[in-house]
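I opened my notebook to look up a few local features. My plan was to go from single residues to the way the parts pack.

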Amino acid sequence: VRDVVLDQLVAAEIVAVREAERAVARDREVAERDAAAMEMGRRSHFTAAVTRELRRVAPDLAGQPGLSVHTTIDAQVQRHGEDALEAQLAAIESGVYGEFEGADSTAAEAGDDGRLDGAAVALDPTTGAVLAWIGGRDFDRSEFDRVDQARRQVGSLVKPFLVASAIERGYGMVDLVSADT
């Protein structure tokens with residue numbers, strides 16, 4: 001159907017041939033991204049968060065057979081984020097950054113096995129679209145979503161932005177900066 005409509009638009013000189021070709025290529029790109037997302041599996045912190053939100057905003061639709069929910073998650077960015085989080089946690093646990101004696105067992109920091117856990121989110125800065133949502137090291141190990149369910153003090157959330165701002169102004173990681181600066 002899409003191709004017939006595009007052919008008619010090209011024939012009527014409403015759409016240029018190149019624009020029609022780009023539209024067809026874009027559809028393939030979306031289809032490939034959707035297929036890659038399906039490979040990630042259905043059990044993840046993100047799908048659980050989407051399910052919670054769907055139940056909140058449309059409880060009558062949640063759980064309906066055949067319901068499709070389209071998101072902005074990019075399967076490749078998601079995989080890279082998961083790999084990066086796992087690599088960083090493994091590095092910390094192996095002592096790369098200094099001695100590591102194990103995480104405490106609070107839900108916000110570790111799973112039942114005492115291993116460290118973490119979270120990561122990647123956003124498209126121009127649109128705000130969520131490209132990756134990693135709520136923890138392993139959904140099967142802990143369904144607790146550190147992106148959505150963990151409660152943090154605001155101070156901890158702004159630290160990366162403050163450090164980035166200082167670095168942009170020429171300060172180093174060990175420079176002392178007074179509040180007057």
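I started with a term: a residue is buried if its relative accessible area is under 20%. I also noted that the model is predicted.

**Entry: a loop residue.** I looked up R146. R146 sits in the loop between strand 2 and helix 5 (154-168). Is R146 buried or exposed? Its relative accessibility is 2%, so R146 counts as buried. I then checked its side chain for a partner. I found a polar contact with the side chain of D117, at 3.4 Å.

**Entry: the strands.** I turned to strand 1 (residues 120-123) and strand 2 (residues 130-134). They pair in the antiparallel sense, over four bridges. L123 stands opposite V130 in strand 2. The two strands form a hairpin, with six residues between them. In the turn I found G128, which has a positive phi of about 80°.

**Entry: helix 3.** I checked the length of helix 3 (residues 45-57). At 1.5 Å a residue, its 13 residues should span 18 Å. The end C-alpha atoms are 18 Å apart, so the span agrees. Next I listed its buried residues: H45, F46, A48, A49 and L54. What do the buried residues of helix 3 pack against? They pack against strand 2.

**Entry: the core.** I looked for the largest nonpolar core. It has five residues in all: L85, L89, L116, A132 and I134. Helix 4 (75-94) and strand 2 each supply at least two residues of this core.

Note on methods:
Residues numbered from 1 in each chain as written. Predicted model: local features only at pLDDT ≥ 70, side-chain atom pairs only at ≥ 80, totals over all residues. Heavy atoms only, no water. Pairing = 2+ DSSP bridges. Buried < 20%, exposed > 50% of the residue type's maximum accessible area, 1.4 Å probe, protein only. Polar contact = N/O pair within 3.5 Å; in protein donor to acceptor, adjacent residues only side chain to side chain. Expected span 1.5 Å × (residues − 1). Contact = heavy atoms within 4.5 Å. Core = buried A, V, L, I, M, F, W, Y, C linked by side-chain atoms within 4.5 Å.
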